[in-house]
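Subject: Structure handover: core and aromatic pairs

Hi,

Here is the structure we talked about. Please load it, then read the notes below it.

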Amino acid sequence: MPETPVRRVVITGLGAVSPVGIGVSSFADAVRAGRVGIGPVHSFDATPFPSRKAAEVADFEPAAVLRNLDPDRWGRSALLAAAASRLAVEDSGIDSGTLSAGRAGSIMGTTSGESAVAQSLGGQWVTQGLKGLEPGLVGQLPAGQIAGAVNAELGLDGDAQTIPTACSASNYALGYAFDMVRSGEADLMLAGGADSVNRLTHAGFYALGAMAKDLPQPFDAGRSGIVTGEGGAALLLEPLDHALARGARIYAEVLGYAANCDAEHMVHPDATSIAACIRAAHRDAGVTPEQIDYICAHGTGTPTNDSTEIRAVRQVFGDRLPPISSIKSMLGHTMGAASGFGAIACCTALEQDFLPPTANLVETDPELGPGVDCVPGRGRDARVDIVQNHGFAFGGNNVITILGRYS
């Protein structure tokens with residue numbers, strides 16, 4: 001049998017439920033302005049911790065966005081994912097009937113699944129015992145509910161997969177969805193991720209010594225760690241010919257991606273493995289290092305992550321480093337949604353011709369070496385045609401996605 005031709009895949013819809021804004025316009029405006037969405041924790045009692053800040057979506061009202069889901073029946077992470085996906089579909093301008101009637105589904109990434117639900121159940125177990133667990137909350141707990149909520153909200157009957165590869169999960173989801181659409185296995189896919197601020201994640205990073213003293217300062221000489229965050233990020237992928245036929249706005253073309261896992265260390269990233277992943281992504285996308293105009297860094301703000309990331313980039317790019325910035329300086333570390341928000345930032349950079357900034361940057365760490373342009377403070381006007389989006393996770397899970405201006 002003849003082989004199915006590989007299809008070009010484009011991104012036509014963006015949905016953001018983030019600490020700096022809900023909806024892609026609000027998100028893009030905030031990122032461009034370098035607005036920081038971090039403040040005192042409200043979702044749990046943080047007084048026992050020295051670090052009491054987080055990046056929460058304070059104004060999220062699920063019922064204001066969702067049409068089909070009953071918010072009382074779903075966990076917060078699922079609602080964040082479903083709301084972001086609803087916004088991406090609306091942003092794309094695609095007819096909802098066309099979407100639900102087609103071969104469409106969702107791939108969502110996460111770090112902690114329904115962590116806020118688990119936090120509530122843990123409290124019930126401690127105070128009331130196993131028999132005191134609320135059945136409705138137990139039903140919300142499985143991480144698979146995150147992608148399930150997207151399909152239920154949008155009436156999709158294709159794949160509904162939740163990828164739990166932590167802080168690189170949204171890039172995994174984007175790459176998986178890209179493969180499904182370019183191979184013809186699916187015609188329309190939502191990809192992204194979601195996580196919720198919660199005590200367990202906050203305590204875990206504090207125990208690791210990875211929490212920032214105040215605000216996250218990626219690449220800064222005085223950086224001290226992360227601030228936990230939350231949100232839902234979603235991107236709608238479709239074949240290029242389908243997008244052109246319906247007159248869709250095209251934010252970006254997905255050029256390629258690569259994933260690897262060095263399994264070298266549970267929490268310490270490996271520069272050689274990251275560099276190998278970057279080279280593999282370039283090969284898949286058919287680009288060279290000289291063609292990359294901007295890198296949306298993983299950029300957590302921990303001393304080890306940032307220095308390792310720059311060292312890996314130097315292995316591939318040599319002395320010519322593209323501008324590289326971290327939106328975690330504004331959003332905090334949104335865990336499984338992080339590289340999804342990175343992809344959205346890349347798409348808006350391509351559409352609006354600007355470089356997303358690194359906020360809170362006072363002095364670029366001189367130990368990172370010469371030529372590191374972190375776009376400090378505010379976004380910078382610039383023509384970008386090909387961008388590189390990083391996602392790294394504990395255990396050495398690395399994913400790089402490459403997006404380009406459609407032409």
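Phe27 and Phe341 are both buried (under 20% relative accessible area, with exposed over 50% and partly exposed in between; 1.4 Å probe, protein chains only). The model is predicted: local features need pLDDT of at least 70, side-chain atom pairs count only at pLDDT 80 or more, and totals for chains, interfaces and linings use all residues. Residues are numbered from 1 along each chain as its sequence is written, and side-chain values use heavy atoms, with hydrogens and water left out.

Aromatic pairs

There are five aromatic pairs in the structure. Rings of Phe, Tyr and Trp (its six-membered ring) pair if their centres lie within 6.5 Å; planes under 30 degrees apart are stacked, over 60 edge-to-face, the rest tilted. Phe27 and Phe341 are a stacked pair, at 5.6 Å centre to centre and 20° between the planes. This pair links distant parts of the chain: Phe27 sits in helix H1 (residues 24–33) and Phe341 in helix H14, 314 residues apart. Helices are DSSP runs of H or I, at least four residues, numbered from the N terminus.

Phe44 and Phe49 pair edge-to-face, at 6.5 Å and 85°. Phe44 is buried at 8% relative accessible area; Phe49 is buried at 10%.

Core

The largest nonpolar core has 50 residues; Phe27, Leu237, Phe341, Ile344 and Leu403 touch the most other members. Helix H14 (residues 338–352) gives the most to this core, eight residues. A core here is a set of buried Ala, Val, Leu, Ile, Met, Phe, Trp, Tyr and Cys residues joined through side-chain atoms within 4.5 Å.

Best wishes

Definitions and conventions. Helices (H or I, at least four residues) and strands (E, at least two) are DSSP runs, numbered from the N terminus.
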